[in-house]
Number of protein chains: 2
Amino acid sequence: MAQQKAISPTRLEDYPQWYQQVIKAAELAEPSPVRGCMIIRPWGYALWEKIQSVLDARFKATGHSNVYFPLLIPLEYLQKEAEHIKGFAKECAVVTHHRLEADAEGKLQPAGELEDPYIIRPTSETVFGIQYAKWIKSYRDLPLKLNQWANVMRWEMRTRLFLRTSEFLWQEGHTAHATAEEAQEETLQMLDVYQDVIENTLAIPTIPGEKTARERFPGAINTYTLEAMMQDCKALQSATSHFLGQNFAKSFNIQFTDQNEQLQHVWTTSWGLSTRIIGGLIMTHSDDDGLVLPPKIAPIHAVILPIIRKDQDAGLIIEYCQKLKEALGQQLFNQEPIRVEIDSRDLNGGEKYWHHVKRGVPLRIEIGLREVNGDSLAISRRDQLGQKITQSRQQFIQELPHILQEIQSGLYERALNYQKVHSHHFTNLNEFKDFFANDQANGFAYVYSSDDESIEHLLKEYKISARCIPLATSQETGSCIFTGKQNAKKIIYAKAY
Amino acid sequence: MAQQKAISPTRLEDYPQWYQQVIKAAELAEPSPVRGCMIIRPWGYALWEKIQSVLDARFKATGHSNVYFPLLIPLEYLQKEAEHIKGFAKECAVVTHHRLEADAEGKLQPAGELEDPYIIRPTSETVFGIQYAKWIKSYRDLPLKLNQWANVMRWEMRTRLFLRTSEFLWQEGHTAHATAEEAQEETLQMLDVYQDVIENTLAIPTIPGEKTARERFPGAINTYTLEAMMQDCKALQSATSHFLGQNFAKSFNIQFTDQNEQLQHVWTTSWGLSTRIIGGLIMTHSDDDGLVLPPKIAPIHAVILPIIRKDQDAGLIIEYCQKLKEALGQQLFNQEPIRVEIDSRDLNGGEKYWHHVKRGVPLRIEIGLREVNGDSLAISRRDQLGQKITQSRQQFIQELPHILQEIQSGLYERALNYQKVHSHHFTNLNEFKDFFANDQANGFAYVYSSDDESIEHLLKEYKISARCIPLATSQETGSCIFTGKQNAKKIIYAKAY
């Protein structure tokens, strides 16, 4: 059992295929017959609900309110911000008709052509902008800090479950401020909120940084990002926060009268995190036996598996399991009652056991007659596969919150260590090229680099991109590894999702 | 102040306009420049969030899981269920292109025409159906009980905030069962869940009933509804639950092997509640001074208004307010901490006072120097406008949960009484006609009636429709008031939204 892995192929054999198989085995999501769109199944959606609830509480605690804006955007809105439209025109779903009619063969055809077509929102800066211009009159109306949870659509050509889908779920925050400083502060505050939730709840280590000019959000002055390293050493942009300056304010004419009765444009920000992060969660922690979930995000913390060998023992074992479930549910982890389920389905033990392994449940507790008689339980941790420990019931109940915390921290530490081991600083261009010279991603390369158009061909050749200027070293400068120019910033390059 | 009403026109003067003005004054929502779509503002969205959280907990407690299905539906899916497509083809947004290109004048035009267009979901029976056929193989896979929270789109020609918008937010439950009985039970169970939440949380009395054949959901065998009466005596369909029989199962080939190894079609249900209910909430309780909110749904239960006449008193008064807020927040109402806010904005007292009246905050607490010195507070209840009561602080803190419950029950009782007063039983056709003879809606008319096509012209003439066959009297029969036919059921007729 220890040799045979539940997921085939393994990570080493074929990482992209392994990723698809982990999702399938855990029943997180599946492709839909609708081009590029996915169906998020209960176990996958439960992860998104947890992420939503943690983030939403943080948004509210930092003074944001939720709203809902229309799905459709008139074409003329998009056209108002030149950079913005360039970024999205190539990949958007266009609504051109408002009913269907059967043709001569009875086949439905679009009918009722619209005079002005709409696109399905790829993001909502434009529709928020139009409204902000209406709502904001005076400095008393500022700051305006709104967020929406919504679906958006970007017509992607190559899609991948969670990581890149034509439709995805996300939240988008949109705020307006009286001063540049305040807007900049908001941008960084939300990056902090994301980092806190991604690191502490999802146990994914990230590197906060600023995007280089050519990697910015269309229309932004600055884009901040959290870059995470997956187990194939590729980078995943986990969330972004944009300082939009007065670009959108000027395009949409969002003005306010300040305390000196002067008319001024506001300063805006936007920031978002999407279902893509679930792809990051899967790729950070999972192994060749399937999904591994940090306890804080796991829909259930522990599953109790009754092992009934003789029918006559069933009553006794089930009763013991139910009492155990109740006792465990009264313990708190992460300020919430511990989530326990009993799986008493009529399946063979091995099938049931692997079902929960593949779904990443942090703890499995087996209860047979021996455990009932010994007032004990047999525990297996998802993060320590192959080890089963028998423990006294009382002791386990007491220790459970501690065990869950240990798993949570352990997963984070392991991922952080992985990121560190696969991060390298280069001052020599040939070493840098060697690092990326094969098809595999070897990690994060830190180099002093100018954000020069002339290096584009080299990045393309090695299929890498500038991930970010890490905030931690954003004041350091050196000589550009590509051009030799002075005063270059330290930039992380990597292959990326 | 008692004479002048905050909302103009009043309900009596112009009910539809009054409705729009209540929404505007409470800043619940507003029309968007996107045809037929609305923008739900923070105070309105907070109501939806509360409804979501109460309903979602009930769905989970009854064994349902949340999922997410694609926004877009291929035309061919719709075509599979003949009745269903008839119901939705005339009002759906059609996506025909997947990018934009600037024309010679620089104007964006749809480009990249799709071979197979999509519609934006008006409801999702079809996409769930396709997937259920894939997921369900054996009786062990049943029941399958899923729900999704989503936006849907129906291209309405005449729209009205919350009540009828082209895009709206809702949840849609879709379940599959092994037997007709079990599916029928599910259908009625979810109707019960809706009724419980609508009556107990929103304080809207409803009449559960079955729709007549011609009012059913397209493709359903039975549609159950909750009919509520608004203050203009019109009916509002508040939520529906459909028993779909094997119609969708046969169209989408959803089959399972039963315990006797026989292949059978499943039995399905679907049920939904939308942001429309917020329109019902507004119209049930609000008055000529604006929104009135039952405490269980109110985003805040009480607002504290510091009344500062001299700057030197400010510190004392604000401190008193903060301690009061803290003490009140430690009390529970409806098993949740009581929600209190201090409004210390720099606005004149009257403006501030009316702000909260119009937004329907159940309790306003005014604190000036006199209250601080008297260890007391001045309370105004939203449901008893014009009365201000001074009470001792300690006593109020203790009584607050009780007061909130009294407001909650009072609003329900008032609405229930209104419904009863405006409900009439008729056995004489002329009296029935007189009841509906003017442009105003006069209420619910209960009559024995056959569901006969021949009465359609009469219903059209009086602009009324069959609302439901109330479950409470569904076994009673009598002679049809229109045709004289025997064995007619008791049906409610009314003008309706």
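Biologist: How are residues and chains labelled, and what pLDDT do local features need?
Modeller: Residues are numbered from 1 along each chain as its sequence is written, while chains are lettered from A and ligands numbered from 1 in the order in which they are written. This is a predicted model, where totals for chains, interfaces and linings use all residues, side-chain atom pairs count only at pLDDT 80 or more, and local features need pLDDT of at least 70.

Biologist: Which strand gives the most to the side of chain A that touches chain B?
Modeller: Two residues are in contact if their C-beta atoms, placed from the backbone, lie within 7 Å. The contact takes 45 residues from chain A and 45 residues from chain B. Strands (E, at least two residues) and helices (H or I, at least four) are DSSP runs, numbered from the N terminus. With seven residues, the strand that gives the most is S5 (residues 94–102) of chain A.

Biologist: How many nonpolar residues has the side of chain A that touches chain B?
Modeller: Ala, Val, Leu, Ile, Met, Phe, Trp, Tyr, Cys and Pro count as nonpolar, Asp, Glu, Lys and Arg as charged, and the others, Gly among them, as polar. That side has nine polar and six charged residues. Its nonpolar residues number 30.

Biologist: Which residue stands opposite A:His97 in S5(B)?
Modeller: Two strands pair if DSSP finds at least two bridges between them. Three bridges join S5(A) to strand S5 (residues 94–102) of chain B, and the two run antiparallel. Opposite A:His97 stands B:Val94.

Biologist: Which are the edge strands of the six-stranded open sheet?
Modeller: The order is S4(A)-S6(A)-S5(A)-S5(B)-S6(B)-S4(B), with antiparallel pairing. Each edge strand pairs on one side only. They are strand S4 (72–74) of chain A and strand S4 (72–74) of chain B.

Biologist: Why is one side of strand S18 and of strand S21 in chain B left without a neighbour in the sheet?
Modeller: These strands belong to an open sheet of five, ordered S18-S15-S19-S20-S21 in chain B, with mixed pairing. S18 (340–342) and S21 (388–392) stand at the edges, so each has a single partner strand.

Biologist: What angle does helix H12 of chain B make with S21(B)?
Modeller: Axes are lines fitted to C-alpha atoms, for helices over the stretch in contact, and angles run from 0 to 180 degrees between N-to-C directions. Helix H12 (residues 393–421) packs on the sheet, touching strand S20 (376–381) and S21 of chain B. Its direction makes an angle with that of S21(B) of about 135 degrees.

Biologist: Which residue of S18(B) does B:Val303 stand opposite?
Modeller: Strand S15 (residues 302–306) of chain B pairs with S18(B) in the parallel sense, over three bridges. Opposite B:Val303 is B:Glu341.

Biologist: How far apart are the centres of domain 1 and domain 3 of chain A?
Modeller: Domain bounds come from an automatic or database domain assignment. For chain A this gives domain 1 (15–93 + 126–285), domain 2 (302–403) and domain 3 (423–494). Taken over C-alpha atoms, the centres of domain 1 and domain 3 are separated by 26 Å.

Biologist: Which element gives the most to the side of domain 1 that touches domain 3 in chain A?
Modeller: The contact takes 16 residues from domain 1 and 16 residues from domain 3 of chain A. Strand S9 (207–210) and strand S10 (222–229) of chain A each give two or more residues to the domain 1 side. With four residues, the element that gives the most is S9(A).

Biologist: Are the faces of strand S9 in chain B covered or uncovered?
Modeller: A residue is buried if 20 or more other C-beta atoms lie within 10 Å of its own, exposed if 12 or fewer, and partly exposed in between, with C-beta atoms placed from the backbone. B:Ile207 and B:Gly209 on one side and B:Pro208 and B:Glu210 on the other are all buried. Both faces of S9 (residues 207–210) are covered.
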